Amino acid sequence: MSKVKASIVGASGYTGGELLRLLLFHPNVELGQVTSESYTGKFIHKVHPNLRKSTLLKFVSANELEQCDILFLCLPHNSSQKRIDEFKKLAPRIIDLSADFRLKDPAEYEKWYGHKHACPNLITEFVYGIPELHRDEMKKANYISSAGCNATASILGLYPLYKNDLVQEDRTVIEVKAGSSEGGNKINEGSHHPERSGVVRSYMPTQHRHSAEIIQELSFGKKINVHFSATAIDIVRGLLATCHVFLKDNMQEKDIWKFYREAYGNEPFIRIVKESEGIYRYPEPKLLSGTNYCDIGFKKDEFSNRLVVISAIDNLMKGAAGQALQAFNLMYGFDERTGLEFPGLHPI
Amino acid sequence: MTTECPVCGAQLELIEGTVVGELIECPECGTELEVISLDPPTVKEAPQEEEDWGE
């Protein structure tokens, strides 16, 4: 089988670098061009030092892009939508890792992003990028919009509960603790080491944009609400979502197990982590560094209907590049685990 | 011989030679279980040492 020629637009960021790392070792991929306007002409490893001796590719300008089989767009938000017509002429398939095509309702996009969408007619051409929810659509898709990292962990954690109508629709509270790489590789005052180091910084207590994706994917035709907060903590990779939901009926843990097993029992990248002894009883982001897993655990409050669902991912992997590669594998009919088998490190 | 984990509901296989009183571990939830009967196959959650998580 001939290899798929893939190019990356905006490959100097952390997400682009992670995607490069994956695509360089994917057995069915021929890496085409990788673009960066800031580093045009420079070797990739000047920006992504972990890729030294893996490739001698250099960054090119996006203006030099040639035809390829698939384009991965790792551009800042509000960039892909402005150039999507140009990108569509270069490749029959596109996976966009920005937020530009995630929300299916242009009015919701405007509400959460504060401006009108540049091409609302194209939004519905994109499949929302969580494979566990949209696998069949992805197999037939030409365009996929990768999900947000916080949204991915939250949605996967809560999906079996909402799908089976088990929780009260407006009482879900999600608290995400996130690493610094979520903020990208652009420097700001808050990322300066003396300021960033050691923080437990409540940076988005309300109105986080990923709330819109969570509501979209968990609604199942009903009006729901989720109350989402995000806190920056002192890790580089990874995030932990702690989701508090209130069950409609006072179920036992054994019953809840049944729903999670039914939803995820055959999923290659979802693990239920809920043990009664040992150090790692619940999901722990640090064990997931570099992996495409989403670990999910839960605990029912014995004195109320509250169920706490805990999910963890590597934000650059299952929350971005890994998830995009999983979608790519599905698009092309490859085993969806291809290039994503790394099981993580321990200790780390 | 199969039975159900009383904690998570997973199907458990008791291998030949299993004896009453033996401790086994549920492959899904990791709970340590004590075999209390072979006919019918039955297990219960084994007593655990409580841990103090930093309190």
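Mentor: Let us begin with chain B, which has zero helices and five strands (DSSP runs numbered from the N terminus, H or I of at least four residues for helices and E of at least two for strands). Read from the N terminus, the elements of chain B follow the order β-β-β-β-β. The model is predicted, with local features requiring pLDDT of at least 70 and side-chain atom pairs pLDDT 80 or more, while totals for chains, interfaces and linings use all residues. Residues are numbered from 1 along each chain as its sequence is written, and chains are lettered from A and ligands numbered from 1 in the order in which they are written.

Among the contacts in chain B with a separation of 6 or more, 21% link residues 24 or more positions apart (a contact being two C-beta atoms, placed from the backbone, within 7 Å).

Chain B meets chain A through seven residues, and chain A contributes seven residues of its own. On the chain A side, five of these residues are charged, one is polar and one is nonpolar (nonpolar: Ala, Val, Leu, Ile, Met, Phe, Trp, Tyr, Cys, Pro; charged: Asp, Glu, Lys, Arg; polar: the others, Gly among them).

Along the principal axes, the C-alpha atoms of chain A occupy a box of roughly 60 × 45 × 45 Å. Buried residues account for 46% of the 348 residues in chain A. Where contacts in chain A link residues at least 6 apart in sequence, 72% of them join residues at least 24 apart.

Chain A is split into domain 1, residues 4-125, and domain 2, residues 150-314, with bounds from an automatic or database domain assignment. Between the C-alpha centres of domain 1 and domain 2 of chain A there are 27 Å. Nine residues of domain 1 and seven residues of domain 2 of chain A form the contact. Helix α3 of chain A, residues 106-113, supplies three residues, the most from any element on the domain 1 side. That side of domain 1 of chain A consists of five nonpolar, three charged and one polar residues.

Helix α1 of chain A, residues 14-24, has nine of its 11 residues buried and is therefore largely enclosed by the rest of the structure. Among the buried residues of α1(A) are Tyr14(A), Glu18(A), Leu19(A) and Leu23(A). Their cover includes the strands β1 (4-9), β2 (29-35) and β4 (70-73) and the helix α9 (317-332) of chain A.

Another pairing in chain A brings Tyr159(A), Pro160(A), Leu161(A) and Lys163(A) of α5(A) against Phe259(A), Tyr260(A) and Ala263(A) of α8(A). Six residues of this contact are nonpolar and one is charged, with no polar residue.

Finally, Glu182(A) sits in the loop between β8 (172-178) and α6 (193-196) of chain A. Glu182(A) counts as buried because 22 C-beta neighbours lie inside 10 Å. Leaving aside residues up to four places away in sequence, Glu182(A) touches Cys149(A), Leu239(A) and Asn315(A). Asp100(A) is 82 residues from Glu182(A) along the chain, and their C-alpha atoms are 17 Å apart.

Note on methods
Buried ≥ 20, exposed ≤ 12 C-beta atoms within 10 Å, placed from the backbone.
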